[in-house]
Structure formats: structure tokens, C-alpha cells
Amino acid sequence: MLQYDNQAWNFFALAWLTLYLVPSWYKISIRLYKAFIGTKDSEIGAIARTSDEEKKAKMLKRNSKGLKALDQAFWISFGFTFLFSALFVYLYSSIQEGGEVNSFDPFSILEIDSGADAKAIKKAYRKMSLFWHPDKNPNNPAAEARFMMIAKAYEALTDPAAKENYEKFGNPDGKQSLEVSIGLPSWLLDTDNRNVVLMAYLIIMVGVIPFSVWKYYSNSSKYGEKDVMYDSYSWYHHSLDDTTMMKSLPETFAGSAEFREQNMPKEASEKELINSALAKVKSQMQKPNYNHPILIKGNVLMHSHLTRQTESLSEQYKEDLRFMLGKANSLIDAMISVCQHQEAMKTALNCIQFGQYVTQGCWLKDSSLMQLPHMSEKEMSKNGVESIAEFLAADKDDAKVAKML
């Protein structure tokens, strides 16, 4: 008769856990190695040639190395891997203590030594059969299965034919084509656990699985091509047309759905911070078309970046700006795609140029020399060169020009 086999379940669970744990620990090891040891400064662009670049290099090192390089997804993965590893150790220790996968062993079933005599066998049988008898354990399938195994074990040790079969084939019923047990833990049959097992089944089947499917579908249905949210595409279709000017693109970019939660002011005091930053960049901004706090904050942050005035921002606003810039490439590509779809080629070119401005940290009136990482307006005015064309045409023997090289 088939029985629930704890050891078979342990081996089965270990096999599946191994399939998860080996690649998971490998990936975690790689991430930890890169975060603390294996990432060179050149790989993250943290090579400083000027004092301004030193600040950027320090920021890159701070955000790309150490604990800050490990995002939320890493810690969630690490948590699950650690818990499954603990379960792996527990199952492995259970196997070590319990021996091999269950096979029919009458001595083990009757809990007697392999050399026990007929008297000891009979005594053990009486004791265990009384304890596990179905009449004393009503509505207990585990007890019923145990009682039948005890009867078969006693038969294998006392009946000559059954004993001969057991000694030859390992089973009192004779040669078996295949020995099979149910690879599930025996506590599933315990009547004391019946309500818990049923409740867990209902929670998983009626709650966890439907919720997981709904959560996955609701999240995946928000995103289109290039992992850009459909709400962002809708906003671009509404905001971009053939008459859209370059100056209005930072506001359009700030309205992307990806920023709405991040840039929503959470405290009344933020209004003063936004007004303070707005006062410094207002001369470079086009009059906003929308008065929504999310758009105003995002627009101000983008102009602070484009005009290189981020030093005055609070640490939280700097973090919000880095979040926006981290998604800039894919979102600007989406803006260009929308312009192409609407056949607004002039606006598409403006979006391409806007992407260059965002990458270079320059804006409309800035010299092309500002593209160079070590160049500033102060440096250009001091050396009398204000454009790349003037720089190329200048005398390289001139001390001021040579200083710029």
C-alpha cells in the first residue's frame, strides 16, 4: 500500500530548491562583488579631470558602489534566497537524521532491532496495533495506513512464505515491479492539521494565486514599448504637435506618468523649496502651460539641470532629479516616436536636440563649448573663446587658448 513518505518529500523539495538557490546565490555573489570589490572607477565613469568632475565622480562612486548599489529588487531576492537556504539546511538535516527514502523495513515499522526474536516481535506488534487501531483513531487516514503497515510487517516476520518473500525481494508480497511511495509529508494526513491544510489551500488557491495574476496583469498592462507607461504616451499625444517649441519640452517631459508619484509634493514646506528653485531658473523657462504641482516641480528640476544650477537643490530634490534623468533616454525616445506617428518632424528634431541638451547639461543660449565636461561660462569669458568654431580658429600658441586644451 502506498504511504506518505517524508524522506521522499525532502529529496523532492531539495531538488527544486537547488534549481533556485544555485543560480540565485551566483547572481547575488556577482552583485556583491561588483558593489564592494570588482567595479573599477572607469566602468562607472568616475574619472575626474577637474574639480567639478571630482564632485560628480564622488557621487557616482557613492551611488554605484557599496550598499547604495544594491537596489530594492536585490534585497527582496536576497531575502527569499536566505529563507530558502535556511529551509534547504533544515531539509538536509532531516534527511541526515532520517536516513534514505522509505523502503519496506518490518523491523523499523515495528520499532525493534533486526535481530529480535519471535517473542519481541509479537510484543511489539500487539503494542503498536492497539495504539494505531482504526477504532481508536476514527477518521484518521494516517493511523489507518500505519495500522496496515504494522500488520504487514508482522506478517513478513512471522509467516514463512511472507518472510521468504521479504528476504528474497524485500517485500512480503513477493517480487514487486516498482516500489512507489507518495512524496508528500505525512503531517498532511494528520487530523489535527486538517483544518490548517484546508485553510492554507483555500488561501493559496482563492487568494494568493488570483491576486498575483491580477497584480502582474495590472502592472504589465500599464507599460508599452521600451517600458514606457501608456499614460505617458497618452500625455505626449496630447502635448506634442507640429507647433511645439523647444522651450516647452521640459514641461512635457516633466508630465510623464513615471514621475507623478515621485514628484508629488508631500509636505506644505515643499512649496517654498520649489519657489526658491523656480526663482533661479525662471528667466530660462517658458511660461508654464499647466499649474499642476507635479508639472511645476518636474519642470523646475529639469531647468535646474539644464542650466547647471543643481547645487542649490535640497538632497531630496537632487535624488528626484536623478530619478528623472535615469529614465530620460527611454522617455525622450517615446516622445520622438509620438512625433513620428503624428508626422510632426520639426518637433521630432526638437526632441532629439532636447535629448542632447539633457545629456550635456546645456540649454538654448549656452555655447557649444559647454558640452566639454571641464568648461564653464567663467572659463570661456576669461579666455575670450565662446564657441567651438572660435576655438578651432584660434591660435593654439596663445597662452589662454592653450590653457583650455
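Buried means under 20% relative accessible area, exposed over 50%, and partly exposed in between, with a 1.4 Å probe and protein chains only. The model is predicted: local features need pLDDT of at least 70, side-chain atom pairs count only at pLDDT 80 or more, and totals for chains, interfaces and linings use all residues. Residues are numbered from 1 along each chain as its sequence is written, and side-chain values use heavy atoms, with hydrogens and water left out.

**Exercise 1. An aromatic pair within a helix**

Task: classify the ring pair F74 and F78, and state whether each residue is buried or partly exposed.

Solution. 
- Step 1. Rings of Phe, Tyr and Trp (its six-membered ring) pair if their centres lie within 6.5 Å; planes under 30 degrees apart count as stacked, over 60 as edge-to-face and the rest as tilted. The structure holds 17 aromatic pairs.
- Step 2. The rings of F74 and F78 are 6.2 Å apart, centre to centre, with 20 degrees between the planes, and the pair is stacked.
- Step 3. Helices (H or I, at least four residues) are DSSP runs, numbered from the N terminus. Both F74 and F78 belong to helix α3 (residues 72-98), where they are four residues apart, about one turn of the helix.
- Step 4. F74 has 5% relative accessibility, so F74 is buried. F78 has 27%, so F78 is partly exposed.

**Exercise 2. An aromatic pair between elements**

Task: classify the pair F259 and F323, and find where each residue lies.

Solution. 
- Step 1. The ring centres of F259 and F323 are 6.2 Å apart and the planes stand at 75 degrees, so this pair is edge-to-face.
- Step 2. F259 sits in the loop between α10 and α11 (270-281), and F323 in helix α13 (residues 315-326), so the pair ties together parts 64 residues apart in sequence.
- Step 3. F259 is buried because its relative accessible area is 0%; F323, at 29% relative accessibility, counts as partly exposed.
- Step 4. Ring pairs join F259 and F323 with F253, F354, Y357 and W363 in a cluster.

**Exercise 3. The largest nonpolar core**

Task: which residues of the largest nonpolar core touch the most other members, and which helix gives the most to this core?

Solution. 
- Step 1. A nonpolar core is a set of buried Ala, Val, Leu, Ile, Met, Phe, Trp, Tyr and Cys residues joined through side-chain atoms within 4.5 Å.
- Step 2. The largest such core has 39 residues, of which Y236, F253, I332, M335 and F354 touch the most other members.
- Step 3. Helices that each supply at least two residues of this core include α9 (230-239), α14 (328-341) and α15 (345-360). With eight residues, α14 gives the most.

**Exercise 4. Cysteines**

Task: how many disulfides does a search of the whole structure find?

Solution. 
- Step 1. A disulfide is a pair of cysteine sulfur atoms within 2.5 Å. The search finds zero.
- Step 2. For C351, the nearest cysteine sulfur is that of C339, 3.9 Å away, and C351 is in no disulfide.
- Step 3. C351 is buried because its relative accessibility is 0%. C362 has a relative accessible area of 3%, so C362 is buried.

**Exercise 5. A loop residue**

Solution. 
- Step 1. D117 is partly exposed because its relative accessibility is 48%.
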